[in-house]
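Colleague: Could you walk me through reading aromatic pairs and sheets in a model? I'd like to start with the rings.

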Amino acid sequence: MKQRRVYRTDDIAQATRAVEALRAQGIGDDDISLVARSDIELQSVPNRHKEADTDFMPAAIRGAGIGGATGLLAGLAATVVTPVGITLAGAAVVGAVGALVGTWASALMGAALPDPIRQKFDDEIAAGRILVLVDAESSVHERLGDALANVGATLLDYDALASMT
């Protein structure tokens with residue numbers, strides 16, 4: 001499972017060198033993101049490297065899971081109540097509707113919340129530093145640390161599953 005780690009660079013030139021070092025280590029563009037102050041992002045960061053600034057996707061994933069489970073449990077409970085007349089297929093439909101409603105509601109809430117990385121490193125971003133986010137397997141991160149340290153990038157205290165960020 002891929003882990004996400006965050007590195008701090010002092011300016012766009014250093015961030016560019018960090019991205020080049022990551023590419024030289026075999027990390028693709030899909031696994032590299034940059035986070036910076038909005039004025040820096042507009043001028044210097046290519047769109048393919050910009051990280052979303054909201055919690056939309058993680059919230060939608062959580063909502064689908066919780067909503068689906070709740071809907072399925074409600075559907076199964078309704079099959080027990082004979083007057084309601086819901087079959088097991090009906091319980092599956094109620095579960096699917098629960099997943100849709102959960103995804104929709106959570107995505108709306110997540111769109112209003114800032115990204116967890118932006119929340120945690122707000123001071124670094126406000127100071128004009130550029131964060132380099134790298135998604136890779138744990139074993140790969142070990143060798144990336146040296147390559148990024150050589151270009152002046154500093155590992156920050158953040159470690160999370162890449163799929164939930």
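Colleague: How many aromatic pairs does the count come to here?

Modeller: Keep in mind that this model is predicted. Ring centres must lie within 6.5 Å to pair, and planes over 60 degrees apart count as edge-to-face. By this rule there is one aromatic pair. F121 and Y158 form the pair, with 6.1 Å centre to centre and 70° between the planes, so the pair is edge-to-face.

Colleague: Where in the chain do F121 and Y158 sit?

Modeller: F121 lies in the loop between helix 5 (116-120) and helix 6 (122-126), while Y158 belongs to strand 4. They are 37 residues apart, and the pair links distant parts of the chain.

Colleague: Are F121 and Y158 buried or exposed?

Modeller: Both F121 and Y158 are buried.

Colleague: Now the sheet, please. In what order do the strands run?

Modeller: The general idea is that strands of a sheet pair through backbone hydrogen bonds, either parallel or antiparallel. In this case four strands make an open sheet, ordered 2-3-1-4, with antiparallel pairing. Strand 2 (32-35) and strand 4 (154-161) are the edge strands, each pairing on one side only. On average, neighbouring strands are turned by 25° against each other, direction ignored.

Colleague: Which strand does strand 1 pair with over seven bridges?

Modeller: Strand 1 (residues 3-9) pairs with strand 3 (residues 130-136) in the antiparallel sense. Q3, for instance, has A136 of strand 3 as its bridge partner.

Colleague: And which helix packs on the sheet, touching strand 1, strand 2 and strand 3?

Modeller: That is helix 1 (residues 12-24), whose direction makes about 15° with that of strand 3. Helix 7 (residues 138-150) lies across strand 1 and strand 3, running at about 150° to strand 3.

Note on methods: Residues are numbered from 1 along each chain as its sequence is written. This is a predicted model: local features need pLDDT of at least 70, side-chain atom pairs count only at pLDDT 80 or more; totals for chains, interfaces and linings use all residues. Side-chain values use heavy atoms; hydrogens and water are left out. Two strands pair if DSSP finds at least two bridges between them. Helices (H or I, at least four residues) and strands (E, at least two) are DSSP runs, numbered from the N terminus. Axes are lines fitted to C-alpha atoms, for helices over the stretch in contact, and angles run from 0 to 180 degrees between N-to-C directions. Contact means heavy atoms within 4.5 Å. Rings of Phe, Tyr and Trp (its six-membered ring) pair if their centres lie within 6.5 Å; planes under 30 degrees apart count as stacked, over 60 as edge-to-face and the rest as tilted. Buried means under 20% relative accessible area, exposed over 50%, partly exposed in between (1.4 Å probe, protein chains only).
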